[in-house]
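Work through the exercises below with the model open. Try each task before reading its solution.

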Amino acid sequence: MKVISTTIISTTITITIAIGIFPFFLNTQVYAEDTDHRAEAIQHAEEAVRQGKMGHAEELLIHAKESMEHAQAVSNSGADSHMKQAIKHLEGAIRHAEMHRAGAATNHTETAMSLMQESESTH
């Protein structure tokens, strides 16, 4: 009887620990994906700014849209106000780039990039 009780207790403890640790691993995965999307959003915003400073509105548009997709992925996982404001500036950058206004689009993208970096430092 004592051997069975020890086995049951040992199994119960193992299962309890596994159940307790499992949510931690899920949260770590979400954080990693959030961090990856944030980094991609910033990287594309940087490239959009670089292209915009050369007067290339069409290339800026491509990277601003890519940045927007990644920023929205971060936002969908519960972003802070900095990321939400960054998305609004990316929308402005896209609108201006579509009108071939590289300067205005670049300004919006620079602001978005700054906001995304602030968002990054709070996580």
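Accessible areas come from the Shrake-Rupley method with a 1.4 Å probe, and for residues only the protein chains shown count as cover. This is a predicted model: local features need pLDDT of at least 70, side-chain atom pairs count only at pLDDT 80 or more, and totals for chains, interfaces and linings use all residues. Residues are numbered from 1 along each chain as its sequence is written, and side-chain values use heavy atoms, with hydrogens and water left out.

**Exercise 1. The chain as a whole**

Describe the secondary structure, surface and contacts of the chain.

Solution. 
- Step 1. Assign the elements. Helices (H or I, at least four residues) and strands (E, at least two) are DSSP runs, numbered from the N terminus. The chain has 4 helices and 0 strands. Their order from the N terminus is α-α-α-α.
- Step 2. Take the surface. The accessible surface of the chain is about 7,600 Å². Carbon and sulfur atoms hold 60% of that surface.
- Step 3. Sort the residues. Buried means under 20% relative accessible area, exposed over 50%, and partly exposed in between (1.4 Å probe, protein chains only). Of the 123 residues, 33% count as buried.
- Step 4. Look at contacts (heavy atoms within 4.5 Å). Among contacts with a separation of 6 or more, 67% join residues 24 or more positions apart.

**Exercise 2. The nonpolar core**

Find which residues have the most contacts inside the largest nonpolar core.

Solution. 
- Step 1. A nonpolar core is a set of buried Ala, Val, Leu, Ile, Met, Phe, Trp, Tyr and Cys residues joined through side-chain atoms within 4.5 Å.
- Step 2. Read off the core. The largest one has 22 residues, and L60, A71, M83, A86, L90 and M116 have the most contacts inside it. Two or more residues each come from α1 (2–53), α2 (57–76), α3 and α4.
- Step 3. Zoom in on A71. Residues up to four places away in sequence aside, A71 touches A41, M83, I87, L90 and M116.

**Exercise 3. Helix α2 and what follows**

Solution. 
- Step 1. Compute the span. The expected span of a helix is 1.5 Å times one less than its number of residues. The 20 residues of α2 should therefore span 28 Å, and its end C-alpha atoms are 28 Å apart, which agrees.
- Step 2. List the buried residues. In α2 they are A57, L60, L61, A64, S67, M68, H70, A71 and V74.
- Step 3. S77 lies between α2 and α3. S77 counts as partly exposed because its relative accessible area is 40%. A polar atom of the S77 side chain lies 2.8 Å from the backbone oxygen of V74.

**Exercise 4. Helix α3 and its ends**

Solution. 
- Step 1. Start at the cap. D80 caps the N-terminal end of α3, with a side-chain oxygen 3.2 Å from the backbone nitrogen of H82.
- Step 2. Check the length. α3 has 18 residues and reaches 26 Å from first C-alpha to last, close to the expected 26 Å.
- Step 3. Study H96, which lies in α3. H96 is buried because its relative accessibility is 18%. Neighbours within four places aside, H96 is in contact with R101, A104, A105 and H108.
- Step 4. Leave the helix. H100 sits in the loop between α3 (81–98) and α4 (102–121). H100 is not a glycine, yet its phi is positive, about 60 degrees. H100 is exposed because its relative accessibility is 53%.

**Exercise 5. Salt bridges**

How many salt bridges are there?

Solution. 
- Step 1. Apply the rule. A salt bridge is a side-chain nitrogen of Lys or Arg within 4 Å of a carboxyl oxygen of Asp or Glu. The count comes to 2 salt bridges.
- Step 2. Take E47 and R50. Their closest N and O atoms are 2.8 Å apart. Both lie in α1, 3 residues apart, about one turn of the helix.
- Step 3. Take K53 and E110. Their closest N and O atoms are 3.3 Å apart. The pair links distant parts of the chain, K53 in α1 and E110 in α4, 57 residues apart.
- Step 4. Compare exposure. K53 is exposed at 60% relative accessible area, whereas E110 is partly exposed at 29%.

Note on methods: A polar contact is a pair of N or O atoms within 3.5 Å; within protein, one must be able to donate a hydrogen and the other to accept it, and residues adjacent in sequence count only if both atoms are side-chain atoms.
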